[in-house]
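Dear colleague,

I am passing the structure below on to you, and my notes on it follow. Please read them with the model open beside you.

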Amino acid sequence: MIGLPELQQRFVAGLLGDQPDALDAWVVSDRLSAAERLGIYRNNIYVGLVGALRDCFPVVCQLVGEDCFQQAARGYIRAHPSRCGYLQRFGAEFPAWLADLESMRALAYLADVARLEWARQEVYHATDAVPFDQAALADVAPADYGRLCFRIAPAVRWVQSRWPVHRVWELHQRPDQGDWTVALDAGGQQVLVVRQGLRLHQQALELPALQLLELLAEGVPLGDAVDQLLTADAVFDLQACLQDFIAMGVCTGRPTLA
Amino acid sequence: MVAEGHLRTSGWRPAGLVPGIPVAAGIGLRHAHFDELTERLPSVAWLEVHGENFFAAGGPPLDYLRGVREHYPLSVHCVGLSLGSTDPLDTRHVQALAGVIEQFEPGLVSDHLCWSSAGGRHLHDLLPLPYTEEALAHVVARIEAVQEQLGCTILVENVSSYLRYKHSTIPEWEFIGAVAERSGCGILLDVNNIYVSARNHGFDPLDYVQGVPAAAVGEIHLAGHAVNRIGTREVYIDDHGDRVAESVWSLYGQTLEQLGPRPVLVEWDTRLPALDTLLAEAVRAQSYLNDRAA
């Protein structure tokens, strides 16, 4: 008689498809054959997991079509099976998987759209945080502004792409209307995703704004960040950018002085 | 007399702190109904959610559930503990569940008598165990470990199944009864699952209902199923995608006769209907309880 650990190992391998027909020996065949009975489980498993990926990556699915998505998703499920008993982390490596797929090469921007959709997933489930403390900022003397360090809220992600991925994503939110023109050669986009209360806010950022965000997230004081941005030959309204970040909920809690 | 469904606590949670689940009909609450339920606060005795959907660190689902919890008794039903798996118990999963229990104070906590992972790979499907002495000893030890870590007892649900193992030696109803007796867990008796399995394997569903220890049953589930065909042969699929079938209502009535009244819950997960349709199913489930009380 086969022991329980070995039975389970063989079933997982067989149901995910490594050894499709190796399980019949342990399953009763009667009105339905063992293969047919196992097929029901194989189908349920893939329908469930492909569905979980489709829920996370709806725009990717629209871009490649259902058949192509199914094929990519099934390959991913075999190569990167879910590693825990809940699904919030399942799909984390899907953007990289798509980037490596030969069959998806024609859609160069696909993996970046997937990265954006995964960023949205992470923002949706990220830890709640206290609002930014405006009053604390008012207590800081203007001479000390350069020493300010901001904390970035957990529900904030950004994606930098060589492609206009925010535009592509936006178009697919209302696929039945609007202007469907995307100039893929019009340059890349930096996209910010931030949770505001119960909803997600997403917008494109100018490159210097993204660079400022990255520096602040690393804990670089505002003055040093500005110096680095200026040497990078960036011309933009720093104060407006910072105020936007604060208004959008990008910053959390009390700023500190370096 | 049957007391309210409640967690039997084992020491470090003060008894009486946990609000009980009434012996009445509730509904499974899914994300698509959160907005409407929060706005309307319809009359329904209690709600059940999938525990794993609230394992995230933050975000809208937790926020909604905090709001809902103020108005309804809550049961937390899990799908991912993989109680029958021979992998090491995922104590982080149990810890995350403990966090949900601490935050939302459910009246009942449950998962399934099944396995869904091996070698660290999770299938997110509920596979039946072989019903052997080996599997019995294993799953009893796992349930004891989970209950120990949670500090409360859980209910364990019978799953729908599409296959049986050649080396099973114990009828499923005796197996789940022995699991409850040895581990101290309760049984969540899913009447639709009994019916689906009975049709797929050719046993009498009443044998199952009469075979489980009535005192251990702490909750009943109802749901819809689909009847598919492979060639000319019917396969019953537990898809939670329709109204409860008439044959299952009938089995539910017989189950109440056999066990007495219990908290009963209607689940609906695929092709989700309007909230009112689901609520109407709960009203019908409640009418069976009322008939027995009359």
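Which strands and helices of chain B do the buried residues of H6(B) pack against? Before the answer, a word on conventions: this is a predicted model, in which local features need pLDDT of at least 70 and side-chain atom pairs count only at pLDDT 80 or more, while totals for chains, interfaces and linings use all residues. Residues are numbered from 1 along each chain as its sequence is written, and chains are lettered from A and ligands numbered from 1 in the order in which they are written.

The buried residues of H6(B) pack against strands S8 (186–190), S9 (217–223) and S11 (233–237) and against helices H7 (205–211) and H8 (246–259) of chain B. Helices (H or I, at least four residues) and strands (E, at least two) are DSSP runs, numbered from the N terminus. Helix H6 of chain B spans residues 191–201 and is mostly covered, with 9 of its 11 residues buried; a residue is buried if 20 or more other C-beta atoms, placed from the backbone, lie within 10 Å of its own, exposed if 12 or fewer, and partly exposed in between. Among the buried residues are B:Asn192, B:Asn193, B:Tyr195 and B:Asn200. After H6(B) comes B:Gly202, which has a positive phi near 80°.

Leaving aside neighbours within four places in sequence, B:Val156 is in contact with residues including B:Leu83, B:Ile143, B:Val179 and B:Ile187, a contact being two C-beta atoms, placed from the backbone, within 7 Å.

Where the chains meet, the contact takes 40 residues from chain A and 39 residues from chain B. On the side of chain A that touches chain B, the elements giving two or more residues are helices H1 (4–16), H2 (34–56) and H6 (110–125) of chain A. That side divides into 24 nonpolar, 10 polar and 6 charged residues, where Ala, Val, Leu, Ile, Met, Phe, Trp, Tyr, Cys and Pro count as nonpolar, Asp, Glu, Lys and Arg as charged, and the others, Gly among them, as polar.

Chain A itself has 11 helices and 5 strands, and 36% of its 258 residues count as buried.

With best wishes
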